[in-house]
Amino acid sequence: FFDHIEAAPADPILGLTETFKNDPNPKKINLGVGVYKNEAGVTPILDCVKQAEKLIFETETTKSYLPITGLPEFGRLTRELIFGADSELVDGGRAVTCHCPGGTGALRIGADFIKQQNVAAKMWISDPTWANHYQIATAAGLKFERYPYYDRATHGLAFERMLETLNQAEEGDVVVLHACCHNPTGIDPTVEQWERIADFISEKKLLPFIDFAYQGFGHGIEEDAQGLRIIASRCKEMIIASSYSKNLGLYNERVGALTIVSADKETAARVLSQMKIAVRTAISNPPAHGEKVVTTVLSNNELRALWESELTAMRERIRNMRVLLVEKLKEAGAGDFDFITEQNGMFSFSGLNKDQVEILRKEFSIYIVGSGRICVAGINAENVDALAKAIADVIKR
Ligand code: PMP
């Protein structure tokens with residue numbers, strides 16, 4: 001049965017981490033995987049999470065199953081976070097939410113739902129994007145097309161080309177958008193551009209599917225939701241896959257959420273009933289621990305305030321590292337990399353090509369994804385000098 005199976009290529013990002021682990025160089029630097037690291041190079045458990053876990057440990061009385069969609073309170077708090085506390089979408093009944101295993105689970109169950117319910121046949125996905133988007137669309141049985149996103153010449157958003165390409169989309173197609181901190185480029189639309197995107201999507205009758213994996217990592221919890229909220233104000237229907245992996249540091253607890261907005265309450269109730277089937281057939285019901293942590297942190301005033309301050313500290317550290325890297329690159333004679341400070345979130349598209357990335361790995365034990373994407377969260381005061389000097393060396397060759 002299995003003889004014909006060919007070995008799959010290693011995941012480009014997780015495979016890189018493996019190679020990094022086996023590298024004996026004590027000065028090695030891993031800027032591959034998208035995980036936050038503090039100044040000491042550690043991915044910490046947030047204090048607010050530790051405190052919530054203590055509360056859960058003391059009060060939890062059963063490990064029996066959760067409801068298929070997770071706890072209703074989890075869904076409500078998630079909608080508050082993404083739409084804003086005073087949005088009618090929090091309690092009005094038009095938006096329904098289920099807990100999925102991570103943002104990935106939410107994307108996959110959302111794509112399954114689209115396929116199972118004949119919502120659409122094709123997704124339009126940015127080029128470049130988080131590579132799993134393409135794979136998830138295909139795995140769910142959907143076709144996809146790419147729309148341009150990155151302009152190499154300006155290191156900015158290829159906005160007009162993006163809309164020109166999306167103009168080829170047919171009524172009823174899905175458009176996948178990153179709400180903030182676009183992975184891998186770190187480039188997000190401006191408010192004016194979001195308004196144009198929202199008008200465009202609504203006029204062409206496309207369905208927005210928003211990937212919201214980094215809320216709070218760009219400019220702030222509310223600020224990062226601006227684009228999504230502009231879309232919600234102009235499109236009656238939308239799908240959102242959000243994640244608590246990064247903003248609560250709950251990577252391995254797998255907490256994400258799928259939220260579907262319908263035009264009216266009655267439709268939303270039918271959507272919810274089918275969403276439950278999609279969850280049931282994929283995972284039956286969600287894991288509880290991470291969901292309880294999120295619910296505890298977001299509903300407890302003290303823990304919520306602590307979370308916000310910890311999230312702010314993570315965001316500011318990354319911003320500081322962007323500024324420091326640009327300074328050090330200038331000092332090292334690498335030239336002008338100011339565009340890095342304009343980008344948002346964990347990642348920066350450095351402009352380094354495949355060969356340069358290869359030299360950095362072989363000669364300097366610096367691990368960067370082949371596309372030139374740097375995880376800025378892996379930079380610290382200790383490794384930034386070596387990094388800037390190595391980049392300067394490589395680009396001068
Ligand atoms: N979407 C994007 C754009 C991402 O970068 C990631 C994580 N790398 C995810 C979704 C999935 O995150 P999670 O770990 O919550 O599944």
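## A buried strand residue

Ile239 is buried, because 23 other C-beta atoms lie within 10 Å; a residue is called buried if 20 or more other C-beta atoms lie within 10 Å of its own, exposed if 12 or fewer, and partly exposed in between, with C-beta atoms placed from the backbone. Ile239 belongs to strand S9 (residues 238-243). Helices (H or I, at least four residues) and strands (E, at least two) are DSSP runs numbered from the N terminus. Leaving aside residues up to four places away in sequence, Ile239 touches Gly110, Leu207, Phe209 and Ile260; contact requires C-beta atoms, placed from the backbone, within 7 Å. Val176 is 63 residues from Ile239 in sequence, and their C-alpha atoms are 9.3 Å apart.

The model is predicted: local features need pLDDT of at least 70, side-chain atom pairs count only at pLDDT 80 or more, and totals for chains, interfaces and linings use all residues. Residues are numbered from 1 along each chain as its sequence is written.

## Domains and their contact

The domain assignment divides the protein chain into domain 1 (12-45 + 312-396) and domain 2 (64-287), with bounds that come from an automatic or database domain assignment. The centres of domain 1 and domain 2, taken over C-alpha atoms, are 28 Å apart. Each side supplies residues to the contact: 18 residues from domain 1 and 18 residues from domain 2. On the side of domain 1 that touches domain 2, strand S11 (residues 347-349) gives the most, with three residues. That side has eight nonpolar, eight polar and two charged residues; Ala, Val, Leu, Ile, Met, Phe, Trp, Tyr, Cys and Pro count as nonpolar, Asp, Glu, Lys and Arg as charged, and the others, Gly among them, as polar.

The UniProt record (unreviewed entry) places the feature "domain: Aminotransferase class I/classII large" at residues 27-391; such annotations may be inferred rather than shown by experiment, and feature names are shortened, with positions given in the numbering used here. Over residues 27-391 the chain is 45% helix and 15% strand.

## The largest nonpolar core

A nonpolar core is a set of buried Ala, Val, Leu, Ile, Met, Phe, Trp, Tyr and Cys residues joined through C-beta atoms within 7 Å. The largest has 113 residues, of which Val297 and Met346 touch the most other members. Helix H12 (residues 301-331) gives the most to this core, with eight residues. The core lies between domain 1 and domain 2 because both give residues to it.

Beyond residues up to four places away in sequence, the contacts of Met346 include Gly34, Cys181, Tyr214 and Ile318.

## Around the ligand

The shell around the ligand includes Gly34, Trp130, His178, Asn183, Asp211 and Ser245; a residue is near a molecule if its C-beta atom, placed from the backbone, lies within 6 Å of it. Helix H5 (residues 102-116) gives the most to this shell, with three residues. By class, the shell has two nonpolar, nine polar and one charged residues.

## Backbone features

Asn183 and Pro184 are joined by a cis peptide bond with omega of about 15°, and Pro184 is in the loop between strand S7 (174-178) and helix H8 (191-203). Another cis peptide bond joins Asp127 and Pro128, with omega of about 5°.

His155, which is not a glycine, has a positive phi near 55° and counts as buried, with 20 C-beta neighbours inside 10 Å. Lys205 likewise has a positive phi of about 55°, but Lys205 is partly exposed, with 13 other C-beta atoms within 10 Å.

How values were computed. Contact = placed C-beta atoms within 7 Å.
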